[in-house]
Amino acid sequence: MIGARPGRVISVGGGKGGVGKSVVAANLAVAMAQQGARVVLVDADLGSPNQHTLFGLTRPGPGVEAFLAGRLEDLGAAAVDVGVPNLRLVPGNGGVVGTANLPSARKLKLLRHVLALPADVVVVDVGAGVSFNVLDLFDAADLRLVVMTPQLTSAQNAYAFMKSAVFRELRRLAAATGQQALVDEADEGAEPTGSAAQLLARLASSSPALAATLQAGLSAFGARLLGNQLFEPREVNVIYAISRMARDYLGLEVPVLGSLRASRRMHDSVDGGRPYLLHAGVDGDECAASLRAIAAALLEAPLPRHQPSPRPGAEGAPAAPPAHRLAEAGAPLPVAVSAYERACHRHPVNVTVTLVYPGGVLTAQVRDVSEGGALLELDRPPPAGTRLAMVFTSLDDQPSLACVVRHASAASRRAGVEFVADPEAARRAAAGLRREGALAEVMDGATPAA
């Protein structure tokens with residue numbers, strides 16, 4: 001019997017295997033259970049499930065395969081205890097022919113039951129790759145976590161996975177309104193590296209209402225990035241670079257939820273058959289503390305409004321996107337990662353400024369800032385190489401900071417600027433902007449606007 005939807009559904013994906021996706025999913029489920037939430041972990045890797053192994057279960061009993069085969073009426077009946085209070089596991093079943101390639105009706109039945117499991121939180125460990133089964137399981141969640149490492153191959157896989165999930169979701173939303181043909185028409189002839197923002201801009205000319213619906217769907221996508229297996233602190237720059245790339249090329253805000261340092265103890269916990277957090281110390285363990293903080297952030301994150309998938313046989317079931325939109329794992333990135341890496345960590349802010357440059361005067365919002373520069377949002381970003389003055393018009397004397405545009409994207413309405421004032425003035429600017437309410441302290445010693 002299908003019950004009420006759980007408090008939140010969190011999917012964990014990540015392109016190809018090997019990034020520690022399942023290990024992260026298991027430990028986050030443990031962390032949430034330890035924080036008092038009733039959690040069900042679903043091993044939805046329909047080809048190579050291994051959550052039961054991570055919990056030391058050699059005979060997990062009937063699992064997802066038994067439900068799909070009709071031997072269990074309710075997916076919840078497959079949940080088993082794993083020796084952790086507040087946590088139960090719905091195990092997967094590997095090696096069963098056909099399980100990894102589900103017919104649409106059985107896949108949608110699985111989705112409905114996953115979304116109805118009785119729990120405060122359902123964590124769904126989806127499989128690797130970009131098959132429709134994987135993408136639909138990932139997209140069905142309220143919050144979608146993409147796990148990646150700082151290696152180039154993982155960055156390519158993570159981006160390809162997000163791209164495929166985004167275009168699959170856009171077609172699902174269009175199909176739910178019976179207007180997928182309009183999306184296909186707007187996408188016809190588009191470049192493989194074309195962004196979702198460009199697709200929506202083309203669609204807006206023929207169907208503004210549908211474009212607005214799809215834009216709202218992207219805004220509610222609820223994706224986050226998690227860096228795993230980092231050996232050096234600076235490697236987190238790669239994770240942030242992919243986040244910014246997703247914003248500029250997919251029209252998708254994908255904040256970095258956190259990062260995990262490479263840990264021998266976490267690595268060895270797999271062979272030990274007990275998730276790392278079950279034997280990690282409470283204090284002084286950086287990896288354990290990071291996992292608990294990430295779990296807490298997922299529990300507290302506001303849930304975007306999610307539109308359920310069409311019922312089996314319902315009109316408007318999403319068709320396959322064009323081949324160039326279903327990105328293969330390992331496909332090249334639209335630009336080199338180095339073009340999006342930054343030397344300084346950035347902090348989110350929301351401050352209005354005026355930009356003065358030879359081409360005119362523009363109003364912009366500062367969206368994030370570091371000691372070296374800032375990310376601006378504005379209607380007409382100046383081209384890369386433009387030198388300008390960032391004027392803080394909220395102050396009586398309207399002080400300014402000299403900047404140069406390093407990259408700009410008209411599609412995403414974003415521009416990245418580098419501070420070229422003296423380093424001490426830039427440092428004070430970054431600190432003041434982070435405080436948001438202390439702009440009077442920001443420009444102490446800065447050059448007045450000309």
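This is a predicted model: local features need pLDDT of at least 70, side-chain atom pairs count only at pLDDT 80 or more; totals for chains, interfaces and linings use all residues.
Close-up 1. Within S4, Leu-87 is the bridge partner of Val-39, and Val-90 is the bridge partner of Val-42.

**Close-up 2. Burial of strand S2 on its two faces.** Side chains in a regular strand alternate between the two faces of the sheet. In S2, one side carries Val-39, Leu-41 and Asp-43 and the other carries Val-40, Val-42 and Ala-44, and because these residues are all buried, both faces of the strand are covered. With 6 of its 6 residues buried, S2 is therefore largely enclosed by the rest of the structure.

**Close-up 3. The salt bridge between Asp-120 and Arg-38.** Asp-120 and Arg-38 form a salt bridge in which the closest N and O atoms are 3.3 Å apart. Asp-120 lies in the loop between helix H4 (104-114) and strand S5 (121-126), while Arg-38 lies in the loop between helix H1 (21-34) and strand S2 (39-44), so the pair ties together parts that are 82 residues apart in sequence. Asp-120 counts as partly exposed at 32% relative accessibility, and Arg-38 is likewise partly exposed, with a relative accessible area of 43%.

Close-up 4. Arg-247 forms a salt bridge with Asp-248, with 3.2 Å between the closest N and O atoms, and both Arg-247 and Asp-248 are buried. In another salt bridge, the side chains of Arg-406 and Glu-418 meet at 2.5 Å, N to O. Arg-406 belongs to strand S13 (residues 400-409) and Glu-418 to strand S14 (residues 414-419), so this pair ties together parts that are 12 residues apart in sequence. Arg-406 is partly exposed at 48% relative accessibility, and Glu-418 is partly exposed with a relative accessible area of 31%. Salt bridges that share partners also join Glu-253, Arg-367, Glu-377, Asp-379, Arg-413 and Arg-414 into one network. The count of salt bridges in the model comes to 18.

**Close-up 5. The contact between helices H6 and H7.** The axes of helix H6 (residues 152-176) and helix H7 (residues 180-187) come within 7 Å and cross at roughly 140 degrees, which makes H6 oblique to H7. On the H6 side of the contact, Arg-171, Ala-174 and Ala-175 meet Gln-180, Val-183, Asp-184 and Asp-187 of H7. The residues of this contact divide into 3 nonpolar, 1 polar and 3 charged.

Technical notes
Residues are numbered from 1 along each chain as its sequence is written. Side-chain values use heavy atoms; hydrogens and water are left out. A salt bridge is a side-chain nitrogen of Lys or Arg within 4 Å of a carboxyl oxygen of Asp or Glu. Helices (H or I, at least four residues) and strands (E, at least two) are DSSP runs, numbered from the N terminus. Buried means under 20% relative accessible area, exposed over 50%, partly exposed in between (1.4 Å probe, protein chains only). Two strands pair if DSSP finds at least two bridges between them. Axes are lines fitted to C-alpha atoms, for helices over the stretch in contact, and angles run from 0 to 180 degrees between N-to-C directions. Angles under 35 degrees count as roughly parallel, over 145 as roughly antiparallel, 65 to 115 as roughly perpendicular and the rest as oblique. Contact means heavy atoms within 4.5 Å. Ala, Val, Leu, Ile, Met, Phe, Trp, Tyr, Cys and Pro count as nonpolar, Asp, Glu, Lys and Arg as charged, and the others, Gly among them, as polar.
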